[in-house]
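Morning, everyone. Let me put the model up, and then we'll walk through it.

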Amino acid sequence: MHEWALAEGVISTATRVAGEQGIQKITEINVGIGDLQQIEHDIFLFALEQLRTPNIKDAKFTLQAIKGKLNCRVCGEEWEFSNRDMDEETSEAIHFVPEMAHVYIKCPSCESPDFEVLEGRGVILASISGVKEDS
Amino acid sequence: MASALAIRLKEQGQNVGLLDLDFTSPSSHVILGIEGLYPEEEYGIIPPMAHGLRYMSITFYSQDKPAPLRGADISDAIIELLAITRWGNLDYLIVDMPPGIGDATLDMIRLIERIRFLVVCTPSKVAYETVRKQIKLLHELNIPTIGIIENMVMKPTTYVSERAGEDNTTYLGSINYDPMLEDALGNVELLKKTEFYGSIRDLTEKIC
């Protein structure tokens with residue numbers, strides 16, 4: 001249920017951004033969910049629904065999965081994250097703190113842990129849409 | 001120092017959390033002898049209780065393996081931990097920091113509004129040079145500094161206290177090198193019997 005804390009982060013960030021942009025009522029919230037974080041989409045969406053605030057009460061939530069793309073800083077190899085061969089403990093560590101990928105994952109070509117997560121690290125608030133105060 | 005300070009504050013009846021933010025060289029779990037604990041997952045993660053402290057360390061996730069993290073990764077991991085950890089009501093959250101003015105220090109300054117720094121220095125010209133830069137940065141950014149404590153003193157010296165005065169920082173005192181401390185690591189009850197811990201008691205009276 002760690003998804004709840006992440007959903008709280010999305011709601012509070014969306015609320016802050018709406019305030020900064022003068023948006024009174026949010027109509028749409030688009031969230032990117034990186035594969036590394038291995039979020040349960042159903043739980044996450046349920047948490048977002050439960051955490052609705054008055055200015056978000058009618059907003060549509062859209063979740064988009066983002067594939068984990070990794071790039072080795074040493075040999076330049078680029079590959080896609082997969083938890084297929086991971087044990088539960090390792091998978092859970094990366095789920096909670098995606099940077100733990102550097103502890104458990106090595107470049108498939110040169111075995112270096114010095115790689116960059118190009119895409120798909122974690123939860124990002126991709127965009128919000130809404131109605132401004134003066135419109 | 002951070003671990004002992006947290007234990008002492010708990011001993012005084014405070015609600016205390018201890019967060020080890022030294023991701024590349026975490027050590028508080030060794031000092032406090034913490035094994036077999038794991039955070040509970042409930043609407044976030046709840047740090048386990050260790051010796052009466054709410055305790056969080058990257059070692060829950062990295063285990064005993066090296067965590068070769070670059071700067072941006074350290075920042076992201078710090079933000080992640082701060083975002084998902086539910087500390088509950090605390091009187092103090094003691095953060096065990098890596099030395100210097102790197103990512104962890106900058107992130108704490110950026111993200112924690114009510115932070116105060118207790119600077120620890122060994123009686124060494126080399127160590128003080130690092131500390132001086134940190135103090136200067138904290139002053140420039142108007143970040144509250146409780147003061148500087150001199151640790152592992154083997155012979156009387158006024159070097160650090162004089163420099164602290166020059167750098168407009170409160171010198172809180174010194175803690176003698178305690179040869180018994182090494183044998184007490186991993187055992188909190190033994191730790192409390194050391195001369196080192198006695199000095200921490202005195203320090204706590206001064207600063208809390």
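Start with the second largest pocket. It holds about 700 Å³ of space. Lining it are 25 residues. Closest to the centre are Gly9(A), Thr13(A), Val123(A), Ile79(B) and Ala83(B). Keep in mind that this is a predicted model.

Which elements build the lining of this pocket? From chain A, α1 (3-21), β5 (115-119) and β6 (123-132) each give at least two residues. From chain B, α4 does too. The largest share is that of α1(A), with seven residues.

Now the contact between the chains. Chain A puts in 23 residues, and chain B puts in 22 residues. How much area do they bury between them? About 2,000 Å², with 61% of it on carbon and sulfur atoms.

Next, the polar side of this contact. Ten residue pairs are in polar contact between chain B and chain A, counting pairs with both residues at pLDDT 80 or more. The chains also share three salt bridges. Take Glu80(B) and Arg121(A): their side chains form a salt bridge, at 2.9 Å from N to O.

Stay on chain B, on the side that touches chain A. Here α3 (59-62) and α4 (71-84) each supply at least two residues. The largest share comes from α4(B), at seven residues. In all, that side of chain B has 13 nonpolar, three polar and six charged residues.

One thing to take away: α4 of chain B supplies residues both to the pocket lining and to the side that touches chain A.

Conventions: Residues are numbered from 1 along each chain as its sequence is written. Chains are lettered from A and ligands numbered from 1 in the order in which they are written. This is a predicted model: local features need pLDDT of at least 70, side-chain atom pairs count only at pLDDT 80 or more; totals for chains, interfaces and linings use all residues. Side-chain values use heavy atoms; hydrogens and water are left out. Contact means heavy atoms within 4.5 Å. Buried area is the accessible area (1.4 Å probe) that two parts lose on being put together, summed over both. A salt bridge is a side-chain nitrogen of Lys or Arg within 4 Å of a carboxyl oxygen of Asp or Glu. A polar contact is a pair of N or O atoms within 3.5 Å; within protein, one must be able to donate a hydrogen and the other to accept it, and residues adjacent in sequence count only if both atoms are side-chain atoms. Helices (H or I, at least four residues) and strands (E, at least two) are DSSP runs, numbered from the N terminus. Ala, Val, Leu, Ile, Met, Phe, Trp, Tyr, Cys and Pro count as nonpolar, Asp, Glu, Lys and Arg as charged, and the others, Gly among them, as polar. On a 1 Å grid over the protein atoms alone, a cavity is a set of points where a 1.4 Å probe fits but cannot get out, and a pocket is an open set with protein on both sides within 12 Å along at least five of seven lines; lining residues have an atom within 4 Å of a point. Grid points are joined across faces, edges and corners, and a volume is the space filled by probe spheres set on the points.
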